[in-house]
Amino acid sequence: MADNKRPESMERITTPELAQQFIDEQIKALQEQIGDGKVLLALSGGVDSSVVAAMLIKAVGKQLTCVHVNHGLLRKGEPEQVIEVFRNQMNANLVYVDATDRFLDKLAGVTDPEQKRKVIGGEFIRVFEEEARKLDDIRFLAQGTIYPDILESGVVKAHHNVGGLPEDLTFELVEPIKFLFKDEVRVVGKELGLPDGMVYRQPFPGPGLGVRCPGAITRDRLEAVRESDAILREEFAKNGLEGKVWQYFTVVPDFKSTGVRDDKRSFEWPVIIRAVNTRDAMTATVEDVPFALLQHITARITSEVPGVNRVLYDLTPKPTGTIEYE
């Protein structure tokens, strides 16, 4: 555990200058550790794995292979952003795997939240293993482990889905940001030139939109979650709430209610908006979103998202509610 303890002399990274100093030190350390070896990284597009990818690109370039698995549960535009930033702008060696059908077929009819998580995590490991076996001479596995992961679990970062790889895939771990807290990772990411949309991305659960589609996931309801979430994020950004509210998202539960559309009765889903603030995720308060903005968002969602006839605002703090729904 001594190797996983943050050095007491390590200064908090709060400025661009300190971030650049950290980057320079880590690039040198990465080059010494990796030498002329090849590195594999599961690149989710979240800030942790993105910072590790950007740092490794600077350190070892094409010796790094990034694998981005689209399990069909990502937010609107996220796979495209990963491809644009890393393949097109940073010239990374990026393998993009669209496994949407594979994941959603496995999830068909699964209603239990924990079982859904197991299906998503297990299938991710299988897809990542398949891609790893296609590559020759990979000696290193890079991870976006950060210090809270070590403090909370003492093991490798579970949501990067490498903990369950078969034993014959023996890699040496590369964890350049394992002593950083999340706010420090963001400062480093900004200094590395990553876009704000990636650096300041909201917390996003490993199972993605799967936990915001309670009950058995269907493609049409999942699409309603994705589209309504995109509208919410767009409107919060336009109205100065992006960065002010800790986390905000939409949920589409597995029930319908009667409404009116085009002078006819409709039987469609509700969209629930959740917007909360917290310091440690142990407790949370609800953001007081201006009513006029909620009305505008409601009008957009009910007119632009197929299958939706109501919008609800969740007023429940944590406790008694949790931040996510599953």
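The side chains of Glu326 and Lys116 are joined by a polar contact of 2.8 Å in this predicted model. Glu326 is placed in the segment that follows strand S10 (308-313). With a relative accessibility of 18%, Glu326 counts as buried, because the cut-off for that class is under 20%. Apart from neighbours within four places in sequence, Glu326 touches Thr111, Pro113, Lys116, Arg117, Gly210, Val211, Pro214 and Gly215.

Lys116 also takes part in a helix contact, as one of the H5 residues that meet H4. The axes of helix H4 (residues 100-107) and helix H5 (residues 113-133) come within 10 Å, with a crossing angle of roughly 145 degrees. The crossing of H4 and H5 is right-handed. On the H4 side the contact involves Arg102, Phe103, Lys106 and Leu107. On the H5 side, Lys116 is joined by Val119, Ile120, Glu123, Phe124, Arg126, Val127 and Glu130. Sorted by class, the contact of H4 with H5 has six nonpolar and six charged residues, and no polar ones.

From H1, the residues Phe22, Gln26, Ile27, Leu30, Gln31 and Ile34 meet Met55, Leu56, Lys58, Ala59 and Val60 of H2. This contact of H1 with H2 divides into eight nonpolar, two polar and one charged residue.

Gln26, in helix H1, is one of the residues that meet H2. Leaving out neighbours within four places in sequence, the contacts of Gln26 are Met55 and Pro176. Gln26 and Pro176 are 150 residues apart in sequence, while their C-alpha atoms are 6.4 Å apart in space. Gln26 has a relative accessible area of 18% and is therefore buried.

| Residue | Relative accessibility | Class |
|---|---|---|
| Glu326 | 18% | buried |
| Gln26 | 18% | buried |
| Cys66 | 0% | buried |
| Cys213 | 0% | buried |

As for the cysteines, Cys66 counts as buried because its relative accessibility is 0%, and Cys213 is buried at 0% relative accessibility. The structure holds zero disulfides.

Conventions. Residues numbered from 1 in each chain as written. Predicted model: local features only at pLDDT ≥ 70, side-chain atom pairs only at ≥ 80, totals over all residues. Heavy atoms only, no water. Axes fitted to C-alpha atoms, helices over the stretch in contact; angles between N-to-C directions. Helix = DSSP H or I, 4+ residues; strand = E, 2+ residues; numbered from the N terminus. Left-handed = near helix turned anticlockwise from the far one by under 90°. Contact = heavy atoms within 4.5 Å. Nonpolar A, V, L, I, M, F, W, Y, C, P; charged D, E, K, R; others polar. Buried < 20%, exposed > 50% of the residue type's maximum accessible area, 1.4 Å probe, protein only. Polar contact = N/O pair within 3.5 Å; in protein donor to acceptor, adjacent residues only side chain to side chain. Disulfide = S-S within 2.5 Å.
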